[in-house]
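Q: Could you take me through the reading of a nonpolar core and of paired strands, beginning with the model itself?

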Amino acid sequence: MKSLPLFPRCLLGACLLATACFSARAAELLVPGEPVAITGAHGKFDFLTIDREKRRLLAAHTGNASLDVFDLDQRTLLKSIPTGAAQSSVVDSKGNRYYVSASKPPQLVIVDSVKFEQVGKVPLGGPADISAFNAASGKVYVDHDDGKDVWVVDPAKQSVAATVELPGDAPEDLGFDSAFKRLFQALKTSSVIAVIDVAQNKVVASWPTSPAQAPHGMAMMPEDDAFLVAGGNGKLVMMSQKDGHVISSTDIPQKVDQIAYDAELHRAYCASGTGTIAVVGVEKGALKKLGEVASSAGCHSIAVDPKTHTVWIAYAKGDGSFVQPFAAAK
């Protein structure tokens, strides 16, 4: 075989060295800990949530038809609460409640966060997916999975108070601004963010997420008056909460679902079903991919503990179900 010319050979070596440094840097930023097996449980997970005040990890354990509650500090399972096929959960700290959206049966389950008991449920008109809690009104906004609407649920009355019609179908992740006046809803099929006026429960704007296509996970950045959106096509964008313009973008793995943002460390973590976690830094209003860390094939659930900066994932492997911590370097 003919030898390579000197310049390309050097260039190839430099590229390999840069790739190795890139991977090493990512490994330093996020170091995997021991997985925690969930005894007697099985099946896939959907979204994870952190209860900051009670120091808990809430795992929507879809395949096990439960909400699995973990102690963040002891790293132990406190209880698996039957809910139906859980897709996500939100925390009502003042009311000592967890609200769990379930796709089968279609309902919002109300859980007492002190007694770990189901204390009510609200039937829904179709399978529920991701949800968000309005701390100002006490209402829960629940996506109709692959539908064209969002249900506004009043847990106190255990009823649907309103329905928001969306300009497209397939709603994914959603999040409120810090004043709880606007709700930002990602729509997968049309690749837009629908802006919902909470006072009217009406869509007042639609913002394209390009270059991120088929948006899934979102993370709010109130300190920057912005939010992050992960596209299934392998793009992460930072968008303005004011007018929706794309401030910055970067590459991430494809098939990213949930993302998490550490506001103190200015890092985003993107969980890809390909078996990696992308680590993205936010520097002077710009996104910069720092690297990728191996997770588990099919894992698309992730959350970050704002106190310890530990990143958590949940996944099924074989007949087992696991959560796993990753230590983040400061």
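The dialogue below takes up the core and then the strand pairing.

A: This is a predicted model, in which local features need pLDDT of at least 70 and side-chain atom pairs count only at pLDDT 80 or more, while totals for chains, interfaces and linings use all residues. Residues are numbered from 1 along each chain as its sequence is written, and side-chain values use heavy atoms, leaving out hydrogens and water.

Q: Which residues have the most contacts inside the largest nonpolar core?

A: In soluble globular proteins, nonpolar side chains tend to be buried together. A nonpolar core is a set of buried Ala, Val, Leu, Ile, Met, Phe, Trp, Tyr and Cys residues joined through side-chain atoms within 4.5 Å, where buried means under 20% relative accessible area with a 1.4 Å probe, protein chains only. Here the largest has 18 residues, and Leu30, Tyr269 and Ile302 have the most contacts inside it. Strands (E, DSSP runs of at least two residues, numbered from the N terminus) contribute as well: E24 (267-272) and E27 (301-304) are among those that each supply at least two residues, and E28 gives the most, with three.

Q: Is strand E17 mostly covered or mostly open, and which strands pair with E17?

A: Two strands pair if DSSP finds at least two bridges between them. Strand E17 (residues 192-197) is mostly covered, five of its six residues being buried. Six bridges join E17 to E16 (residues 182-187), running antiparallel, and Arg182 stands opposite Asp197. Six bridges also join E17 to E18 (residues 202-208), again antiparallel, with Val203 as the bridge partner of Ile196.

Terms used: Buried means under 20% relative accessible area, exposed over 50%, partly exposed in between (1.4 Å probe, protein chains only). Helices (H or I, at least four residues) and strands (E, at least two) are DSSP runs, numbered from the N terminus.
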